[in-house]
Amino acid sequence: MKTIVLAVVAALALGALAAALLTGAQRTAYQAYATSGARVSEPGHNLVGPTWSGEN
Amino acid sequence: MARMKFLCDADRCIECNACVTACKNEHEVPWGINRRRVVTLNDGKPGERSISMACMHCTDAPCAAVCPVNCFYTTADAVVLHSKDLCIGCGYCFYACPFGAPQYPRVGNFGSRGKMDKCTYCAGGPEADLGTAEYEKYGSNRLAEGKLPLCAEMCSTKALLAGDGEIIAQIYKERVVRRGYGSGAWGWKTAYRETVAI
Amino acid sequence: MEQDKKGVDRRKFFGALGGASGVAVAAAVSPLTATVAQAYDPGSAETKTRYRESEHVKAFYRTNGYETLKK
Amino acid sequence: MFRELGRLQGRVSIPDAKAATLEQPQGRDWRQFREGWLPWIGALAVLGMLLALFAFYFTKGRIRLDHTEESGTKIQRFNAFERFTHWLTASSFIVLALTGLNYIFGKRLLMPLIGPDAFATLSQWGKYAHNFLAWPFMLGIIFMIVVWLKDNIPNRVDVAWVKAGGGFLGDAHPSAYRFNAGQKVVFWLVMICGIAMSVTGIIMLFPFSATDINGMQITQVVHALIGVLFIAAILAHIYIGSLGMEGAYDAMGSGEVDLAWARRHHDLWVQQQEAKTASGPQIGSRGAVPAE
């Protein structure tokens, strides 16, 4: 039983780690689709709502 | 009842990308998200054609069918809209869409790519018409103002037509008859399953 | 003895599970047939027609079909 | 015109390669798969397996433990790391299976019950769980290769085991080493399906980095089809490991099994272990306990 709990905890921890790493490595569309000629700063919060945190 | 459609007269489109720019400006679309784009076929070769493409607002829309949370709905104008509150950003609509219309604010991993954004036919979203909440999520609602999508309204060569499908098809047919040629209404068979007699 | 008792409990549990899966079959089969695009209904206020043939829109049709449109 | 035949690829002035596809009618084929075929295949596989197990349980019942003089003596079958590997993979698999099925059946079964808003929130979290718990699952698959591959190479004993019907048909108990042919089938099934799911999953986790739109569609089809078959197969594995066979759960629960059970199901393995330890520490660590 101890092993099962340990495995579930480990699965959750690894999932959280994957979430942190993948979300950290995430690129936004304005970074991905800008050329060197474009000066893209903060693209604004429009179309995702002012409360959009940059997540989800 | 009027059925909204887009029609790009490829014999007139000069790839000026003004429709793209107008769309971006009208709805304050962030960089990297292209609700409308101009694709050039046979670039630099004989028979080159440029087509301005966005969401075609299909009859029996594939995006709406495959959505795992059913976030799409069709208005009485046959405009296909979606709710960003329900969207989970799974990307299935992009797989199903024949025209590549859905866009995502983040591109790297599937897990956190954000809410899908696409052409609204300048008709906003499920929030109250012409409100701030609607504008912030979906852009302006020109249809509610008694106007048509800006991309079509400001097209300098009158290549991009929008509005009642029957009227714009009529305009296009008469153009083709008059000038004696036409490369067809791009995407109409895929989007509307109708035979355009040209 | 104790194991026999357990077996009966489990059998009941499994029977219930079987019944539940039968219900699931019935529930699953009916929506499976619908393949036409369907979606949620945000309410009549949101799906109402917004397009009107205003002067603005008429001007658009006129200028786009000015050579040809007989209207 | 040629536009109905296939995909139209052009050139765009924006640095987004997938925007250069003007039209891809294959999207409609993919839709036909996802909305037409997949729900049926998934429902048939999962419900068919449940019904088969249900029928098996009522015709054959549980496979019982023989009570012999050795009942009550324990032998270690899986060590702590093996059990950890199993449960790491199993717990993430269960979440992956449920959230995966949610993509297919959620809007058909769950959404009418809880409403679109609650369902969207649930699916959003389900999506996160599916994406991020895929990583512990993949790690578990790698661990499984390390710890169990050597015991799962098919050999001649397996042929005899299959010929005897694995003990399911009739009362015979054919010989087996550490894993019998049925367990080897489960192992290789998990390996093949798990690796296929991992590869297609990684391709989909990083959309369009490896392939284009039609490649993404094919990847999704493969992922979904193997997924539902995998789920159906694992249902059988869960059944036989818990309800279907008395004593089987102990192997993964506590890691120790009854010596009588082990002798009956894995006689050659017990012989190996006895030879290895010469009735040493592995067997009878708790001493003989009278049979119940």
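**Reading rings, helices and cavities in a predicted model**

Modeller: Over all chains of this predicted model, the count comes to 24 aromatic pairs. Rings of Phe, Tyr and Trp (its six-membered ring) pair if their centres lie within 6.5 Å; planes under 30 degrees apart count as stacked, over 60 as edge-to-face and the rest as tilted. Residues are numbered from 1 along each chain as its sequence is written, and chains are lettered from A in the order in which they are written. In this predicted model, local features need pLDDT of at least 70, side-chain atom pairs count only at pLDDT 80 or more, and totals for chains, interfaces and linings use all residues; side-chain values use heavy atoms, with hydrogens and water left out.

Biologist: How is the pair of Tyr92(B) and Trp30(D) to be read?

Modeller: A pair of aromatic rings is described by the distance of the centres and the angle of the planes. For Tyr92(B) and Trp30(D), the centres are 5.5 Å apart and the planes stand at 70°, so the pair is edge-to-face. Tyr92(B) belongs to helix H3 (residues 92–96) of chain B and Trp30(D) to helix H1 of chain D, so this pair joins two chains. Helices (H or I, at least four residues) and strands (E, at least two) are DSSP runs, numbered from the N terminus.

Biologist: Is Tyr92(B) buried or exposed, and is Trp30(D) buried or exposed?

Modeller: Buried means under 20% relative accessible area, exposed over 50%, and partly exposed in between (1.4 Å probe, protein chains only). Tyr92(B), at 7% relative accessibility, counts as buried, and Trp30(D) counts as buried at 3%.

Biologist: Which residues of helix H1 of chain B are buried?

Modeller: In this helix (residues 18–27), the buried residues are Cys19(B), Val20(B), Ala22(B), Cys23(B), Glu26(B) and His27(B). Seen down the axis of H1(B), they fall within an arc of 165° (taken from the directions from the helix axis to the C-beta atoms), so they line one face of the helix. Thr21(B) and Asn25(B), on the other side of H1(B), are exposed. Among the elements that cover the buried residues of H1(B) are strand E2 (37–41), strand E3 (49–53) and helix H4 (132–138) of chain B; contact means heavy atoms within 4.5 Å. Just after H1(B), Glu28(B) takes a positive phi of about 50°.

Biologist: Where does Asn70(B) lie, and what is its phi?

Modeller: Asn70(B) lies in the loop between helix H2 (62–66) and strand E4 (72–74) of chain B. Its phi is near 50°, a positive value in a residue other than glycine. Asn70(B) is buried, with a relative accessible area of 8%.

Biologist: Which residues lie nearest the centre of the largest cavity?

Modeller: Of its 29 lining residues, Leu96(D), Gly100(D), His130(D), Met197(D) and His223(D) lie nearest the centre. Elements giving two or more residues to this lining include helix H1 (26–60) and helix H2 (80–114) of chain D. The lining divides into 20 nonpolar, eight polar and one charged. Here Ala, Val, Leu, Ile, Met, Phe, Trp, Tyr, Cys and Pro count as nonpolar, Asp, Glu, Lys and Arg as charged, and the others, Gly among them, as polar.

Notes: On a 1 Å grid over the protein atoms alone, a cavity is a set of points where a 1.4 Å probe fits but cannot get out, and a pocket is an open set with protein on both sides within 12 Å along at least five of seven lines; lining residues have an atom within 4 Å of a point.
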